Amino acid sequence: MKVVLQRVSQASVMVDAEIVAEIQKGVLVLVGIEAADNQEDIDWLASKIVNMRIFGDENDVMNCSVKEIDGDIIVVSQFTLQALTKKGNRPSYIKAARPEIAIPIYENFVEKTAEILGKKVLTGVFGADMKVSLLNDGPVTIVMDSKNKE
């Protein structure tokens with residue numbers, strides 16, 4: 001699994017001109033799933049995201065997690081994170097999991113993240129044409145890959 005985690009002051013997801021998810025202070029997570037992803041990938045990323053210390057403490061030092069500041073999380077599926085770009089100028093998405101594999105992994109990831117966070121995690125609509133808006137705070141943007149735990 002690959003994710004792009006962004007600290008936000010606000011974020012929303014719109015589908016068919018209707019807002020389906022909206023948060024203020026928290027984290028927007030774009031997630032790309034590949035067929036080889038499993039429970040270990042889900043558990044590692046969910047824990048990392050919820051506990052990542054990217055919010056300022058009383059001294060404005062990044063020492064607090066989204067959980068510690070009682071922030072919110074939106075998770076948006078984004079198969080394009082699995083793009084292969086080595087050859088040519090048209091990305092290949094052969095590593096991206098097909099919906100019948102990706103949807104259960106995505107749902108499990110959202111549930112695990114909510115369990116660790118201790119409250120509901122909002123989502124976009126899997127496979128829909130979504131309009132994602134955000135005010136990146138910082139900006140703080142972190143890319144993580146469960147297959148390359150750096």
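Which residue of S6 is the bridge partner of Leu28? In this predicted model, in which local features need pLDDT of at least 70, side-chain atom pairs count only at pLDDT 80 or more, and totals for chains, interfaces and linings use all residues, the bridge partner of Leu28 in S6 is Ile74. Residues are numbered from 1 along each chain as its sequence is written, and side-chain values use heavy atoms, with hydrogens and water left out.

Strands (E, at least two residues) and helices (H or I, at least four) are DSSP runs numbered from the N terminus, and two strands are taken to pair if DSSP finds at least two bridges between them. Strand S3 (residues 26–32) pairs with strand S6 (residues 72–77) in the parallel sense over six bridges, whereas seven bridges join S3 to strand S1 (residues 2–15) in an antiparallel arrangement, in which Val3 has Val31 of S3 as its bridge partner. Seven of the seven residues of S3 are buried, so this strand is largely enclosed by the rest of the structure; buried denotes under 20% relative accessible area (1.4 Å probe, protein chains only).

The largest pocket is lined by 21 residues, of which Ser77, Gln78, Phe79, Thr80 and Gly127 lie nearest its centre. Two or more lining residues come from each of S3, S6, helix H2 (99–117) and strand S8 (130–145), and S3 gives the most, with three residues. A pocket is here an open set of points on a 1 Å grid over the protein atoms alone, where a 1.4 Å probe fits, with protein on both sides within 12 Å along at least five of seven lines, and lining residues have an atom within 4 Å of a point.

Key
Buried means under 20% relative accessible area, exposed over 50%, partly exposed in between (1.4 Å probe, protein chains only).
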